[in-house]
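Biologist: I have a new structure to get to know. Can you walk me through it?

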Amino acid sequence: NTQVSPNSSTLRVAGCSGSAGNPNNGTSCFVLNDTVLVDAGTGLLNLSVQEISHIDHVVITKTHHDHIA
């Protein structure tokens with residue numbers, strides 16, 4: 001786990017390749033401070049089961065297919 005000081009945050013980009021996606025980068029998926037998933041596009045496949053088990057909250061920014069795969 002990443003340790004975060006009270007004054008900082010970490011943001012992991014798990015996918016950001018737009019609506020079509022591509023084999024090297026999934027669609028919208030970000031992890032904030034290891035516990036908040038922002039969008040659940042195909043970039044989610046880049047996370048391990050252990051990483052997913054640390055997710056406590058999910059934020060979906062919009063209901064386009066590339067954000068909720």
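**A walk through the model**

Modeller: Start with Asp39, which counts as buried at 3% relative accessibility. Buried means under 20% relative accessible area, exposed means over 50%, and partly exposed is in between (1.4 Å probe, protein chains only).

Biologist: Before we go on, what kind of model is this, and how are residues numbered?

Modeller: This is a predicted model, where local features need pLDDT of at least 70 and side-chain atom pairs count only at pLDDT 80 or more, while totals for chains, interfaces and linings use all residues. Residues are numbered from 1 along each chain as its sequence is written, and side-chain values use heavy atoms, with hydrogens and water left out.

Biologist: Back to Asp39. Where does Asp39 lie?

Modeller: Asp39 lies in strand 3. Its phi is positive, about 70 degrees, although Asp39 is not a glycine.

Biologist: Is strand 3 mostly covered or mostly open?

Modeller: Mostly covered. Four of the five residues of strand 3 are buried.

Biologist: Step back a bit. How many helices and strands are in the protein chain?

Modeller: The protein chain has one helix and four strands. Along the sequence the pattern reads β-β-β-α-β. Helices (H or I, at least four residues) and strands (E, at least two) are DSSP runs, numbered from the N terminus.

Biologist: What order do the strands take in the sheet?

Modeller: The order is 1-2-3-4, in an open sheet of four strands with mixed pairing. Strand 1 (11-15) and strand 4 (57-59) stand at the edges. Each has a single partner strand, so one side of each lacks a neighbour in the sheet. Neighbouring strands of this sheet are turned by 20 degrees against each other on average, direction ignored. For such angles, axes are lines fitted to C-alpha atoms, for helices over the stretch in contact, and angles run from 0 to 180 degrees between N-to-C directions.

Biologist: Which way do strand 2 and strand 3 pair?

Modeller: Strand 2 (residues 29-32) and strand 3 pair in the antiparallel sense, over four bridges. Two strands pair if DSSP finds at least two bridges between them. Leu32 has Val36 in strand 3 as its bridge partner.

Biologist: And in what sense do strand 3 and strand 4 pair?

Modeller: Strand 3 (residues 36-40) and strand 4 pair in the parallel sense, over three bridges. Val36 stands opposite His57 in strand 4. Leu37 stands opposite Val58 in strand 4.

Biologist: What sits between strand 2 and strand 3?

Modeller: Asn33 has its place in that loop. The hairpin of strand 2 and strand 3 has three residues between the strands. Phi of Asn33 is near 55 degrees, a positive value in a residue other than glycine. Asn33 is partly exposed, at 24% relative accessible area.

Biologist: New topic. How many salt bridges does a search of the whole structure find?

Modeller: One. The side chains of Arg12 and Glu51 meet in it, at 2.6 Å, N to O. A salt bridge is a side-chain nitrogen of Lys or Arg within 4 Å of a carboxyl oxygen of Asp or Glu.

Biologist: Which parts does the pair tie together?

Modeller: Arg12 lies in strand 1 and Glu51 in helix 1 (residues 49-53), so the pair ties together parts that are 39 residues apart in sequence. Arg12 is partly exposed, with a relative accessible area of 33%. Glu51 is partly exposed too, with a relative accessible area of 33%.

Biologist: What about the stretch after strand 4?

Modeller: His65 has its place in that segment. His65 counts as exposed, at 57% relative accessibility. His65 and Ser28 are 37 residues apart in sequence and 9.7 Å apart in space, C-alpha to C-alpha.

Biologist: Last one, on the whole chain. What share of the residues counts as buried?

Modeller: Of the 69 residues of the protein chain, 25% count as buried. Among contacts between residues at least 6 apart in sequence, 25% join residues at least 24 apart. Contact means heavy atoms within 4.5 Å.
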